[in-house]
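Colleague: Hi! Could you walk me through this one? I'd like to start with how things are laid out.

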Amino acid sequence: MKTAIEIENLAHNYGLVKALKPLNMSIESGTLFGFIGPDGAGKTTLFRILTSLLLPTQGKAKVLGLDVVNDFRKLRPLLGYMPGRFSLYQDLTVEENLNFFAKLFKTSIEENYHLIKDIYDQIAPFKNRLAGKLSGGMKQKLALSCALIHKPDLLFLDEPTTGVDVVSRAEFWEMLRKLKNHGITIVVSTPYMDEAALCDKVALIQKGKILQTDSPQNIMENFSKPLFSVKSINRNSLSKDIETFGKTDSFYWFGDSIHWIGSDDKDADLLRIYLQQKKHEDLEIEKINASIEDCFMDLMKGNHE
Amino acid sequence: MRTIIFLLQKEFIQIFRNKMMLPIIIVIPIVQLLILSYTATFEIKNVSLAFVDQDKTQTSKELKSRFEHSPFFNIYAEADHISQLEKSMLQQKVEMILVIPPDFEKQLTLSKKADLQLIVDAVNGSAANLMAGYANQIVLGFNTDIITNLTGINIKETGIQVAPRYWYNPELDYKTYMVPGILVLLVSLIGAFLSGMNIVREKEIGTIEQLNVTPIKKYQFIAGKLFPFWLIAMFDLCFGLVIAKIVFAIPILGSVWLILGVAAIYLILVLGLGLFISTITDTQQQAMFLAWFFFVIFIMLSGLFTPVEAMPEWTQMLNILNPIAYFIDFMRMVMLKGSDFTAVTSQILHITVYALLTMGLAIWRYRKRA
């Protein structure tokens with residue numbers, strides 16, 4: 001498989017702040033690749049370097065075989081970039097925005113219409129509306145259309161689903177799947193860990209450092225720690241009591257249960273006895289398989305310490 | 001070239017979709033010309049004057065009547081002692097007090113010599129000078145008449161007589177002097193503020209990122225951004241010239257083509273300044289303040305409102321760096337004196353070199369990436 005992105009010892013500092021620590025990785029062509037990480041992890045900095053908007057403090061990056069610093073002129077027409085913040089002209093209409101970006105890339109809406117058809121059809125009824133007057137989901141679809149209108153080989157989407165409702169998020173990922181089938185490599189960043197499962201490959205990024213890069217399946221399968229789901233009627237004191245239990249490695253709320261990690265499977269029995277002593281009734285403790293979020297929570301905890 | 005046209009298309013759609021834009025382009029020039037042209041008069045009328053007449057004779061009465069009949073003075077009050085007027089002075093109701101001491105007439109007839117006291121509110125120094133000057137003129141006239149009466153010699157017709165002829169502005173109408181300057185102010189503000197703010201706005205709302213990832217080249221972006229404002233400023237200059245001619249009957253003696261040609265170069269300078277400001281600021285607020293910082297200094301130094309000759313030498317020297325001063329000079333010379341190209345070569349040269357430097361610096365500073 002061909003390599004779409006090749007990163008060598010890449011780092012970036014804003015003054016004294018190390019936004020991105022030296023990083024080595026590569027991303028294959030034709031994948032849907034996700035950078036998962038909390039706010040301030042360095043995702044946007046990395047994207048801005050890879051889209052040639054920001055000069056790295058050190059290291060090299062090649063995108064589609066072109067150096068992001070030296071060959072940026074050749075590179076830019078091949079890239080599509082959708083920044084995290086809505087960055088289209090609010091005082092131009094939907095159609096004017098799309099037209100403008102198509103023309104800047106020396107193409108037309110008609111020429112690549114097949115690529116954006118699924119997305120644009122949904123906003124076409126509002127094509128004479130000012131972009132600033134669109135709803136959040138509509139804005140995002142317009143932004144994606146504008147980023148795609150010149151048929152880029154590689155698409156960077158910086159937190160495309162942040163602030164979008166659950167239904168629109170699902171729709172959006174469905175659209176990305178379809179785009180991938182058009183042969184476009186897609187690199188997407190998101191703070192939502194559950195979206196990791198929708199990518200072919202993910203990198204977990206925190207505090208400017210990549211913690212792990214692999215397919216979601218591999219990450220989940222390689223999780224070897226004893227993980228249990230703990231439920232009790234008395235929710236209020238549950239987390240407090242688990243915290244005071246000596247064998248607790250880590251725990252966190254996960255929906256209406258607590259995910260608990262001990263040092264080995266037998267610790268779960270000790271936990272049950274301990275919690276029963278603390279008068280927890282209807283206690284449910286069961287071993288579970290790690291979800292991608294469990295893996296990330298664990299990795300991030302490791303990075304904190 | 002096609003890319004520039006697309007950019008221009010987009011800019012013009014945005015400019016005319018902005019509801020404040022047409023008023024800015026049309027109303028501001030009119031209002032500025034109509035109001036500012038009257039703000040900087042170098043003459044003072046209706047000075048509020050009070051008398052303290054401690055003499056109360058025929059002579060003092062005569063002197064007072066001279067003041068009463070002057071168009072420059074309004075008599076506010078008469079008092080017996082200065083202390084009675086101090087409060088009015090503090091309240092700015094009285095600007096000048098003329099004190100005629102006791103025995104004024106007696107001294108004048110006996111020793112042919114008398115004193116008067118003039119008290120002037122000198123918070124505004126140049127206004128105080130003017131007021132005192134007017135008063136002195138009246139006293140001088142009074143003096144001459146007294147000498148004539150006493151000696152029988154008509155000294156009005158002896159000695160050296162100076163007869164000034166005021167060229168280029170025979171009626172000494174300050175509006176004639178102001179309007180060309182106001183026109184310069186107008187195109188400078190439009191050029192620097194609108195262009196600078198427009199580019200910073202793209203930064204502020206993030207659209208510049210989206211533009212920067214397109215293959216659009218630096219020169220295309222700059223041309224597409226600046227040309228609309230060049231055009232608007234040129235339009236406003238023509239518009240302003242028409243108002244000047246029709247409303248103020250300001251003569252345009254020199255060549256209009258020369259004015260427009262040099263204005264075209266001058267605007268490159270101003271737009272370069274706007275672009276430069278936009279490269280070193282991130283928000284419209286910062287750009288606004290920085291632009292004001294430059295323009296307040298340029299305008300005050302330029303001699304638009306006060307004569308440059310009245311400034312200390314070191315501020316006069318600063319005007320070597322002041323682009324507005326050159327263009328105001330140029331406009332006044334060409335409009336009012338009918339100076340031709342050869343007479344204003346120095347100004348044109350300065351403006352051109354300046355335009356190249358500013359624009360060059362701004363383009364060099366403008367980066368498509370951080």
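Colleague: So, how many Å separate the centres of domain 1 of chain B and domain 2 of chain B?

Modeller: The C-alpha centres of those two domains of chain B are 47 Å apart. Keep in mind that this is a predicted model.

Colleague: Thanks! Which residues belong to which domain in chain B?

Modeller: Domain 1 of chain B takes in 7-40 + 171-365, and domain 2 of chain B covers 47-157.

Colleague: And what does the domain assignment give for chain A?

Modeller: There, domain 1 runs over 3-220 and domain 2 over 224-289. Between the centres of these two domains of chain A there are 39 Å, again over C-alpha atoms.

Colleague: Back to chain B. What radius of gyration does chain B have?

Modeller: Chain B comes out at 28 Å, whereas a compact globule of 370 residues would be near 21 Å. Along the principal axes, the C-alpha atoms of chain B fill a box of roughly 95 × 45 × 35 Å.

Colleague: How many helices and strands are there in chain B?

Modeller: Chain B has 14 helices and 4 strands. One pair to look at is α10(B), residues 256-279, with α13(B), residues 323-337.

Colleague: OK, at what angle do the axes of α10(B) and α13(B) cross?

Modeller: They cross at roughly 175° and come within 11 Å. Anything over 145 degrees counts as roughly antiparallel, so that is what α10(B) is relative to α13(B). On the α10(B) side, the contact is made by L258(B), I259(B), V262(B), Y266(B) and L269(B). From α13(B) come P323(B), F327(B), F330(B), M331(B) and V334(B).

Colleague: What classes of residue are in the contact of α10(B) with α13(B)?

Modeller: That contact has 10 nonpolar residues, with no polar and no charged ones.

Colleague: Switching topic: how many residues does each chain bring to the contact between chain A and chain B?

Modeller: Chain A brings 22 residues and chain B brings 17. On the chain B side, α1 (2-17) and α8 (207-212) each supply at least two residues. By class, the side of chain B that touches chain A has 6 nonpolar, 7 polar and 4 charged residues.

Colleague: Last one: where in chain B is confidence lowest, and where is it highest?

Modeller: Among its helices, α6 (residues 125-151) of chain B is lowest at a mean of 83, and α10(B) is highest at 94. Chain B averages a pLDDT of 87, and 96% of the residues score at least 70. For the complex, the predictor gives an ipTM of 0.78 and a pTM of 0.79.

Note on methods: Residues numbered from 1 in each chain as written. Chains lettered and ligands numbered in written order. Predicted model: local features only at pLDDT ≥ 70, side-chain atom pairs only at ≥ 80, totals over all residues. Domains from an automatic or database assignment. Contact = placed C-beta atoms within 7 Å. Nonpolar A, V, L, I, M, F, W, Y, C, P; charged D, E, K, R; others polar. pLDDT = per-residue confidence, 0-100. Axes fitted to C-alpha atoms, helices over the stretch in contact; angles between N-to-C directions. Parallel < 35°, antiparallel > 145°, perpendicular 65-115°, else oblique. Rg over C-alpha atoms; globule rule 2.2 N^0.38 Å.
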